[in-house]
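Subject: The structure for you to look through

Hi,

Here is the structure I promised to pass on. Have a look at it first, then read my notes below.

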Amino acid sequence: MSQERPLRWGIFGCGKISFDFCIALSTLSKEKHSIAHVAARDISKAEEFAQHFNVKSISGNYEDVAKDQRVDIIYIGTINPTHKSLSILAMSNGKPVLCEKPVCMNSAELDEVLTCAKKHNVFFMEGMWTAFFPLYRELLSNIDSGVYGNVNVVTLTFGIQDMFKDRLSNPELGGSVLFNIGVYTLFVTDMLFHGLPVKQLSACGHIDPSTGIDRSESVSFLYEGNKTAQILIDGDHQLTNECVIFCSEGTIIIEEPFWCPTKFIFKRNDGSVDVRLFPLSNSEHTNFKNSVGLRFEAEHVRDCLCAGKLESDLVSHAASQRIMSYMEECKKQLNNFKQLSE
């Protein structure tokens, strides 16, 4: 990928998250990013989407975008169960891929995707945009430098009242509190502990008996060195949606929304307090909170491609595999918990 021209994006899916991603792209320099081709199974949606972003190439199928020589990379913003097949379609045509989280529905699917990336020698990354927010880049740098002492305990809550509407109420379309919002809590915990091996994972929660969809969960992690994490996720009730990090030198509070944050507070053990703010760029209205922050992810992907990398060092293939393994273990324990409760 040349530094001298824009990274030309092909877009799979013209729904809400793809719209927000393209809004974020529009806040970046046109000399570095452009939208070359958009596709949706419903061509009328693709046409409306393309008109909004002034995109000339429009398709009612994804293969056209994958084969388009004017496209440098594919962004996949379709529903969760399609991520594996569409990632493989794009990479089989030599296209690097940025795929929305969750990257796949299980570890077997993810293994297929990563095998395809290796076979075709192309870049692949799960779109865990949280990792690229300036707040987390500074926070992790400070943790590495020992500013806060040792990270010992992490707590996270993520709950959205009445989340189970539309596709999220349908298991065939990827409905799941764990896979749709819980994935953020697992990733942030893993990131803060630098992928530290998990000694024990314990999960329990509520499963809707009529659909089999997990609606809420409590997840505990035990790590070496007496380190722990406690996570609470809920698709029926609003929670505080913050991350609290208990360190040997004090407590860090990442305020809501912790997954796309702009503020954290460090309360030292001596009583003094630091407040750090990370304002976002102005943009057109987005569907989801702070979605303009998707620009940081796009910038990182361009940097990776210009450097000839096949994976990100911030959201590595190994990190995606770890998070998927945690989600599978949570799912397994939830099903066991459900059977014991019946």
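One thing to know from the start: this is a predicted model. The protein chain has 9 helices and 14 strands. Its radius of gyration is 20 Å, close to the 20 Å that the globule rule gives for 342 residues, so the chain is as compact as a globular protein of that length. If you draw a box along the principal axes, the C-alpha atoms fill roughly 55 × 50 × 40 Å.

Of the 342 residues, 52% count as buried. The chain exposes about 15,000 Å², and carbon and sulfur atoms supply 48% of that. As for charge, there are 33 positive and 42 negative side chains, and the centres of the two sets lie 4 Å apart.

How is the chain divided? There is domain 1 (7-129), and there is domain 2 (134-277 + 312-341), which is written as two stretches. The centres of domain 1 and domain 2 are 26 Å apart, taken over C-alpha atoms. The domains do touch: 19 residues of domain 1 are in contact with 20 residues of domain 2.

Start with His300, which sits in helix H8 (residues 294-306). Is it buried or exposed? His300 has 13% relative accessibility, and the cut-off for buried is under 20%, so His300 counts as buried. Not counting residues up to four places away in sequence, His300 touches Met125, Phe132, Ser312, Asp313 and Leu314.

Next is Asn290, in the loop between strand E14 (273-277) and H8. Asn290 is partly exposed, with a relative accessible area of 23%. Asn290 and Cys260 are 30 residues apart in sequence, yet their C-alpha atoms are 6.3 Å apart in space. Beyond its sequence neighbours within four places, Asn290 has contacts that include Trp129, Phe133, Pro257 and Cys260.

Then there is Arg215 in strand E9 (residues 214-223), partly exposed at 21% relative accessible area. Leaving out neighbours within four places in sequence, Arg215 is in contact with several residues, among them Asp208, Asp234 and Asp236. Asp236 is 21 residues from Arg215 in sequence and 6.9 Å away in space, C-alpha to C-alpha.

Last, some backbone details. Most residues other than glycine have a negative phi, and most peptide bonds are trans. Here are the cases I would look up:

- Lys101 and Pro102 are joined by a cis peptide bond, with omega about -10°. Pro102 lies in the loop between strand E5 (97-100) and helix H5 (107-120).
- The bond from Glu256 to Pro257 is cis too, with omega near 0°. Pro257 is in the loop between strand E12 (250-254) and strand E13 (263-268), and Pro257 is also one of the residues that Asn290 touches.
- Asn121 has a positive phi, near 55°. You will find Asn121 in the loop between H5 and strand E6 (124-127), where it is exposed, with a relative accessible area of 53%.
- Asp162 has a positive phi of about 55°. Asp162 is in the loop between strand E7 (151-159) and helix H7 (177-192), and is partly exposed at 45%.

Cheers

Notes. Residues are numbered from 1 along each chain as its sequence is written. This is a predicted model: local features need pLDDT of at least 70, side-chain atom pairs count only at pLDDT 80 or more; totals for chains, interfaces and linings use all residues. Side-chain values use heavy atoms; hydrogens and water are left out. Helices (H or I, at least four residues) and strands (E, at least two) are DSSP runs, numbered from the N terminus. The radius of gyration is taken over C-alpha atoms; the globule rule is 2.2 Å times the number of residues to the power 0.38. Buried means under 20% relative accessible area, exposed over 50%, partly exposed in between (1.4 Å probe, protein chains only). Accessible areas come from the Shrake-Rupley method with a 1.4 Å probe; for residues, only the protein chains shown count as cover. Lys and Arg count as positive and Asp and Glu as negative; His and the chain ends are not counted. The place of a charge is taken as NZ of Lys, CZ of Arg, CG of Asp or CD of Glu. Domain bounds come from an automatic or database domain assignment. Contact means heavy atoms within 4.5 Å.
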